[in-house]
Amino acid sequence: MQSVSLQRGDTKVFQDFNLQVQHGEQVALVGPSGAGKTSLLRMMAGGIPSESGDILHGDASFASATPKELRSLRARVGFIHQDHALVPNLRVCSNIVAGRFGRQGLLQALRALIAPTQETRLEVLQLLDQVGIGDKMYHRVDRLSGGEQQRVAIVRALFQKPDALLADEPVASVDPERARDVIGLLTKVAQEYNLTLVVSLHDIALAREFFPRVVGLRQGKIMFDAAPLDLQEGQLQELYSIQNK
Amino acid sequence: MTPAQRERELYRNRSRSRFIRASNWALGGLLAVTWAGETIDFRSIFSPQRMNNLQRFLREDLSPWPLRQNPESFSWGDWILSIWNQHGADGLLLTLCISLVSIALAGVFGWFVAPLGARNFMHQDPLHRTLQVETKNESVLLPWICQGVRLLQIFMRAIPEYVWAFLFLAMLGLGAWPAILALAIHNAGILGRLGAETIENLDSKSSRGLFQLGASRSQVVASSIFAQGLPRYILFLFYRWETCVREATVLGMIGILSLGYWIDDARVRQHYDEMLVLVLFGAILVLLGDLISHQVRKSIR
């Protein structure tokens with residue numbers, strides 16, 4: 001991200017913001033509510049355009065992309081939404097095949113939804129088995145637990161065959177043990193598929209345990225960008241202190 | 001201030017809508033004008049002549065003709081069966097077929113046109129999430145297409161089905177098609193609007209998720225919008241089917257050979273007993289439609 005600015009209403013969310021993430025790197029974004037973590041992730045995924053500056057994905061630029069190029073750029077970034085963003089009354093398999101819509105035309109997409117090929121079905125099953133919910137392939141999404149839905153969202157992002165995986169507060173509403181499980185799963189699959197992983201988190205301990213790089217964000221500014229071992233208690237206190245907000 | 005005083009004070013200071021108060025006064029005033037101006041003579045409904053007519057209708061005209069002629073050999077079952085065989089069965093079957101074909105046509109048209117009439121979707125910024133999925137030309141065209149579709153839907157439903165039926169009768173002549181097309185066009189206008197409203201009120205999370213991964217507008221319609229909106233749309237579809245069953249009956253009175261035609265035929269011949277039985281056949285059909293519709297809607301919910 002190069003000199004990126006973003007304004008929402010009267011609030012300047014980012015001004016002249018710079019961040020570089022290498023391919024295959026795993027980064028945790030931490031910071032208080034309203035720091036701009038979600039906006040940052042959505043800009044990185046091409047979901048919202050920056051007002052100035054540019055976001056580069058390899059050599060491709062989001063700022064100068066035509067709508068068609070933007071679609072194919074988005075298809076290269078897997079995004080795991082906080083609320084999963086799955087179609088509740090479709091089956092797990094149909095939700096997952098939608099992951100490749102960005103690379104398909106309407107007819108291919110309809111075919112994948114209505115009658116996916118055996119190859120596709122087996123690929124979906126293999127991914128679901130990898131996250132431990134293979135048996136749920138033909139269950140309706142709204143009949144699954146929150147944790148299972150999250151795994152479906154992860155599998156949809158993997159099925160997309162992205163270069164990078166972005167996750168917005170993936171453990172915001174799960175208990176500490178499940179939170180470790182989910183973050184462990186994300187870092188594991190990112191490593192296996194050689195994906196860049198950027199995850200926004202509230203839990204500093206999880207960020208320190210699982211990520212080699214932690215970026216602290218507050219009011220649209222980077223407060224620190226360090227390896228977990230180099231993080232100091234004072235930096236964390238400053239990041240979350242209420243009086244400075 | 002005592003609690004009672006405080007409560008009265010709070011009641012006096014409650015928020016009141018000036019519009020509703022003005023409407024109430026206007027309604028009361030209009031009723032008073034209607035009554036005082038004697039535009040409608042409210043007492044004439046109970047005039048002796050009308051009372052006599054009503055009495056004759058209920059005591060004589062409605063009792064079965066064979067019963068009046070030969071009470072000893074009269075059988076209710078045979079009499080009703082003869083009406084059923086004569087016109088009832090054919091009329092009922094045609095009424096049912098007209099309602100089914102017209103609602104199927106209206107349902108398919110309404111559903112596939114519905115996304116084009118959904119304002120939040122036919123927007124340069126679909127679902128207001130700055131997702132930029134279209135080219136510049138599309139961004140100019142989309143709101144116009146949306147307005148055009150909505151206008152077409154208004155036109156289709158603003159013209160009553162009877163008027164459509166008269167038009168098609170003149171163009172196509174007697175048969176089931178004038179009624180089918182009249183009901184299909186009117187209901188497609190209504191269902192298209194209801195479908196668009198359904199889409200506008202859907203939870204946009206999943207659609208946003210699909211846009212985010214690069215899906216196009218038509219892919220989002222096919223996978224997320226249709227999947228989420230269909231159960232609610234089917235509720236509307238069955239509700240309109242009930243109406244179609246009733247309207248298909250009534251349209252018979254303008255010359256289409258549904259049950260309404262035979263009801264009107266009996267009225268013209270002054271066979272009020274036969275007319276009553278045919279009306280009851282129609283009521284049973286509407287009741288069956290209501291029951292099926294109720295069950296389907298219950299299971300979909």
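Predicted model: local features only at pLDDT ≥ 70, side-chain atom pairs only at ≥ 80, totals over all residues.
User: Hi! Which residue in E9(A) stands opposite Val30(A)?

Analyst: Residues are numbered from 1 along each chain as its sequence is written, with chains lettered from A and ligands numbered from 1 in the order in which they are written. Strand E3 (residues 26-30) of chain A pairs with E9(A) in the parallel sense over 5 bridges (strands are DSSP runs of E, at least two residues, and helices are runs of H or I, at least four, numbered from the N terminus; two strands pair if DSSP finds at least two bridges between them). In E9(A), the residue opposite Val30(A) is Leu201(A).

User: What is the bridge partner of Ala164(A) in E9(A)?

Analyst: Strand E8 (residues 164-168) of chain A also pairs with E9(A), in the parallel sense and over 5 bridges. Within E9(A), the partner of Ala164(A) is Thr196(A).

User: How many residues of strand E9 of chain A are buried?

Analyst: Buried means that 20 or more other C-beta atoms, placed from the backbone, lie within 10 Å of a residue's own; 12 or fewer means exposed, and in between is partly exposed. In a regular strand the side chains alternate between the two faces of the sheet. Thr196(A), Val198(A) and Ser200(A) are buried on one side of E9(A), and Leu197(A), Val199(A) and Leu201(A) on the other. For strand E9 (residues 196-201), the buried count is 6 of 6.

User: Which strands stand at the edges of the open sheet in chain A, with a single partner strand each?

Analyst: The order in this sheet of 3 strands is E2-E1-E4, with antiparallel pairing. E1(A) is joined to E2(A) over 4 bridges and to E4(A) over 2 bridges. One side of each edge strand is left without a neighbour in the sheet, because each has a single partner; these strands are E2 (11-17) and E4 (52-54).

User: Which residue in the turn of the E1(A) and E2(A) hairpin has a positive phi?

Analyst: In E2(A), Phe17(A) is the bridge partner of Val4(A). The hairpin has 2 residues between its strands, and the one with a positive phi, about 65°, is Gly9(A).

User: Over to chain B: is the crossing of H5(B) and H8(B) left-handed or right-handed?

Analyst: Helix H5 (residues 76-117) and H8(B) have axes that come within 6 Å and cross at roughly 35° (axes are lines fitted to C-alpha atoms over the stretch in contact, with angles from 0 to 180 degrees between N-to-C directions). A crossing is left-handed if the near helix is turned anticlockwise from the far one by less than a right angle, and right-handed if clockwise. This crossing is right-handed.

User: Is Gln295(B) buried or exposed?

Analyst: Gln295(B) lies in helix H12 (residues 272-300) of chain B. Because Gln295(B) has 11 C-beta neighbours inside 10 Å, it counts as exposed.
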